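Hello,

Here is the structure I promised to pass on. Please open it first, then read the notes below.

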Amino acid sequence: MTTTTKLAARSIPHPPNRIPILGDVLGIDRKRPNQKTLWQFSRLGPLYRRTFVGGVHLTFAGSADLMREIIDEKVWQRHFGRPYEKLREIAGDGLFTAANDSPEWKRGHEVLIHGFVPGAMADYHDTMLSVADLTAQWLGDARNVTDTAAMMGDTALEIIGRAGFGYSVGAFDARAAGRAPFAAALTRVFSHVQESAIPMVGKLIGGKRARQHAEDIALMKQTVIEVIETRRGTGQRCPDLLDRMLHPENGLPLPDDNIADQVLTMFVAGHETTGNLLAFATYFLARNPELAARVRAEATAVTTDGRIAYEDVAKLKVTDAVISETLRLWPTAPGFFRAAREDTTLGGYDISAGEWVFVLLLAVHRDTSVWGPDAEEFRPDRWLENGFRPKPWTYRPFGTGPRSCIGQAFALHEAKLIIASLVRDFDLDGRSELDVEENLTLRPSNLEVEFRRIK
Ligand code: MNH
């Protein structure tokens, strides 16, 4: 063996059972592709490649060392990966689906960023609290919630609708009779997008599903157009995202069709991700009464007249650690795509310009070389150790670079507020084991939790 043998001369590892025509399609787990990938890393190392018909590659990266290379914005950039392509039918030129450096992205970002700076959360705080109250009312004195992610998804959906656009999706009005039509359409659209993104499987989805998909998108677009027209009709001004798009600080308003794209984008990008985070956190708290008691104690300490004030959210340190640790183990957006701007290497392997890689946060966040031997354990106290701050290449639940999550401060503010308020007022009792399903996001499936109000 010579030390001059270049790693790059070898090819990136791939799963066994490669068959000539179908490539690695048999190795894909249709329902849980990200958890399958996490498992593959344990056999193949943190960089591996699947090949499909026609030589299409999917390369996966899952370690902090690899993430450190790939978040370098000079060499890599955000790639709009295949599972997201279908989102363009829904969210058009909204922030999430607009092309890198396109005028639509630049203008949308310029107008909307003011609505997402940490200080803007003061504008949404009361609305977020009112949705926490709505959720608590729905829970009543005691309720055994059989699908906690669905409930929390409704909470998140209602928060974006009301705080962003002054629009109630009626998530809790309709809960008795099944999910609100808008929420139900959004969930179906998500699952359709994920399934049709898997090579081969996508082609097998029938006409009935395709028709339902088209109807769901039409319903969502129609709803959003009504929201814009209603606001314009009343001429009402209020500090929310819709107002910022209709009356920007500089320049012309965003065109109506772009506003519609942006509104749908916020609903799509912000509702399952945040709702599922709330559900995972609830799972951990329900299994850990001592931890719940610490969250309850700090929430109670800052509550005056039944409410937590905006300024006091920063004092919810244990709650904050619970949220961070939940996003570490179960990053609800399980990864992101990066494409090489130029010929480069990754982990010592050659990568040519334009090639793309999926960074699986689910794996990076469990890398024992940075998180230690207890990386797989839920231990919020690691975030409370003196001066602890993760290095940017070890923890990135909100992505990286200019195309990282614009909604980060919004999601974290809402998550702290909802978790602190509910845990303050309810005892949680959870019996179900964690079973994680995937629907573009990671989601605890049929998570059953009993909420009992503390008198
Ligand atoms: Mn969000 C982009 C994760 C909540 C709106 N979000 C991203 C990306 C990640 C992400 C990761 C980058 C994707 C990529 O590189 O391909 N987002 C989350 C998580 C939560 C979340 C884990 C909650 C927890 N996001 C929210 C909320 C909103 C939102 C809430 C809106 C209210 N996110 C966005 C938008 C983008 C985005 C918009 C695209 C930003 C851009 O490209 O300019």
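**Ligand site**

An oxygen atom of the ligand sits 2.7 Å from an N or O atom in the side chain of Arg403. Bear in mind that this is a predicted model.

Two further polar pairs deserve a look. Trp105 places a polar side-chain atom 2.7 Å from a ligand oxygen. Leu95 works through its backbone: an N or O atom there is 3.2 Å from an oxygen atom of the ligand.

The ligand takes up the space of the largest pocket.

**His125**

His125 belongs to helix α6, residues 121–139. Its relative accessibility is 2%, so His125 counts as buried, the cut-off being under 20%. Its side chain makes a polar contact with the side chain of His413, at 3.0 Å. Beyond its neighbours within four places in sequence, His125 touches Arg307, Ile308, Ala309, Tyr310, Val313, His413 and Leu417. Asn446 is another matter: 321 residues from His125 in sequence, and 30 Å away in space, C-alpha to C-alpha.

Which residues of α12 are buried? They are Leu291, Ala292, Val295, Arg296, Glu298 and Ala299. An α-helix has 3.6 residues a turn, so residues three or four places apart point the same way. The buried residues of α12 pack against α11 (256–286), β5 (303–304), β6 (307–308), α13 (317–329), α16 (408–425) and β11 (426–430).

In α13, 11 of the 13 residues are buried, so this helix is largely enclosed by the rest of the structure. Among the buried ones are Val318, Thr319, Glu325, Arg328 and Leu329. The buried residues of α13 pack against α11, α12, α14 (361–364), α15 (368–371) and α16.

Best wishes

Terms used:
Residues are numbered from 1 along each chain as its sequence is written. This is a predicted model: local features need pLDDT of at least 70, side-chain atom pairs count only at pLDDT 80 or more; totals for chains, interfaces and linings use all residues. Side-chain values use heavy atoms; hydrogens and water are left out. Buried means under 20% relative accessible area, exposed over 50%, partly exposed in between (1.4 Å probe, protein chains only). Helices (H or I, at least four residues) and strands (E, at least two) are DSSP runs, numbered from the N terminus. Contact means heavy atoms within 4.5 Å. A polar contact is a pair of N or O atoms within 3.5 Å; within protein, one must be able to donate a hydrogen and the other to accept it, and residues adjacent in sequence count only if both atoms are side-chain atoms. On a 1 Å grid over the protein atoms alone, a cavity is a set of points where a 1.4 Å probe fits but cannot get out, and a pocket is an open set with protein on both sides within 12 Å along at least five of seven lines; lining residues have an atom within 4 Å of a point. A molecule sits in a cavity or pocket if more than half of its atoms lie within 2 Å of its grid points.
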